[in-house]
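Reader: I am new to this structure and would like to learn how to read its features one at a time. Could you take me through them slowly, with the general idea before the particular case?

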Amino acid sequence: MAMRPLVLAAMIGVASLAGVHAPEAQARTYVGVDVRVAPPPPRYERVRVRPGYVWAPGHWRWDGRRYYWIGGSYVPARRGYVYVAPRWNAYGPAWRFNEGHWRRR
């Protein structure tokens with residue numbers, strides 16, 4: 001029984017030290033797949049103005065076999081930034097997806 005508090009204290013100590021070491025942030029690089037099939041045209045989505053929010057439009061995603069639709073959503077606006085919508089770009093004979101992101105004005 002005397003070992004139980006010691007083991008508990010050791011577990012708490014190790015757990016608290018685990019949060020101390022965090023890997024460094026890394027620059028975002030392209031990770032994905034080039035798709036040889038063009039995406040379908042975007043779907044129409046009705047959007048209402050919502051103060052303090054920006055509309056992130058829906059887009060097609062590739063699951064390895066086919067495209068599927070991800071509906072748009074409102075995201076909180078960021079002062080000094082503009083939202084760049086996700087999109088598919090032609091890349092040689094294939095298509096490459098670029099995630100939506102914030103860009104400084």
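**Reading the core, the salt bridges and the contacts**

Author: Let us begin with the core: the largest nonpolar core has six residues, namely Val35, Trp60, Tyr67, Trp69, Trp88 and Phe97. Please keep in mind throughout that this is a predicted model.

Reader: Which residues does Trp69 touch, if those up to four places away in sequence are not counted?

Author: With those neighbours set aside, Trp69 touches Pro42, Arg43, Glu45, Gly58, His59 and Trp60. Of these, Trp60 is also listed with Trp69 in the largest nonpolar core.

Reader: How should I picture the chain as a whole, and how many helices and strands are in it?

Author: The chain has one helix and eight strands, and from the N terminus on the elements run α-β-β-β-β-β-β-β-β. Buried residues make up 14% of the 105 residues, while the accessible surface comes to about 8,900 Å², with 59% of that belonging to carbon and sulfur atoms. Among contacts between residues at least 6 apart in sequence, 47% join residues at least 24 apart.

Reader: How many salt bridges does the structure hold, and what is the general idea behind them?

Author: Side chains of opposite charge can pair when their charged atoms come close. In this structure there are three salt bridges. One of them joins Asp34 to Arg96, with the closest N and O atoms 2.9 Å apart. This pair links distant parts of the chain, since Asp34 sits in the loop between α1 (3–18) and β1 (53–56) and Arg96 in strand β7 (residues 94–98), 62 residues apart.

Reader: Which residue forms a salt bridge with Glu99?

Author: Glu99 pairs with Arg61, and their closest N and O atoms are 3.0 Å apart. Here too the pair links distant parts of the chain, with Glu99 in the loop between β7 and β8 (101–104) and Arg61 in strand β2 (residues 59–62), 38 residues apart. Glu99 counts as partly exposed at 33% relative accessibility, and Arg61 counts as partly exposed at 26%.

Reader: Where do the side chains of Asp63 and Arg66 come in?

Author: Those two side chains meet in a salt bridge, at 4.0 Å from N to O. Asp63 is partly exposed, with a relative accessible area of 36%, and Arg66 counts as partly exposed at 46%.

Reader: Where does Ala38 lie, and which residues is it in contact with?

Author: Ala38 lies in the loop between α1 and β1 and is partly exposed, with a relative accessible area of 39%. Apart from neighbours within four places in sequence, Ala38 is in contact with Tyr67 and Trp95.

Methods. Residues numbered from 1 in each chain as written. Predicted model: local features only at pLDDT ≥ 70, side-chain atom pairs only at ≥ 80, totals over all residues. Heavy atoms only, no water. Core = buried A, V, L, I, M, F, W, Y, C linked by side-chain atoms within 4.5 Å. Buried < 20%, exposed > 50% of the residue type's maximum accessible area, 1.4 Å probe, protein only. Contact = heavy atoms within 4.5 Å. Helix = DSSP H or I, 4+ residues; strand = E, 2+ residues; numbered from the N terminus. Areas by Shrake-Rupley, 256 points an atom, 1.4 Å probe, with all protein chains shown as cover.
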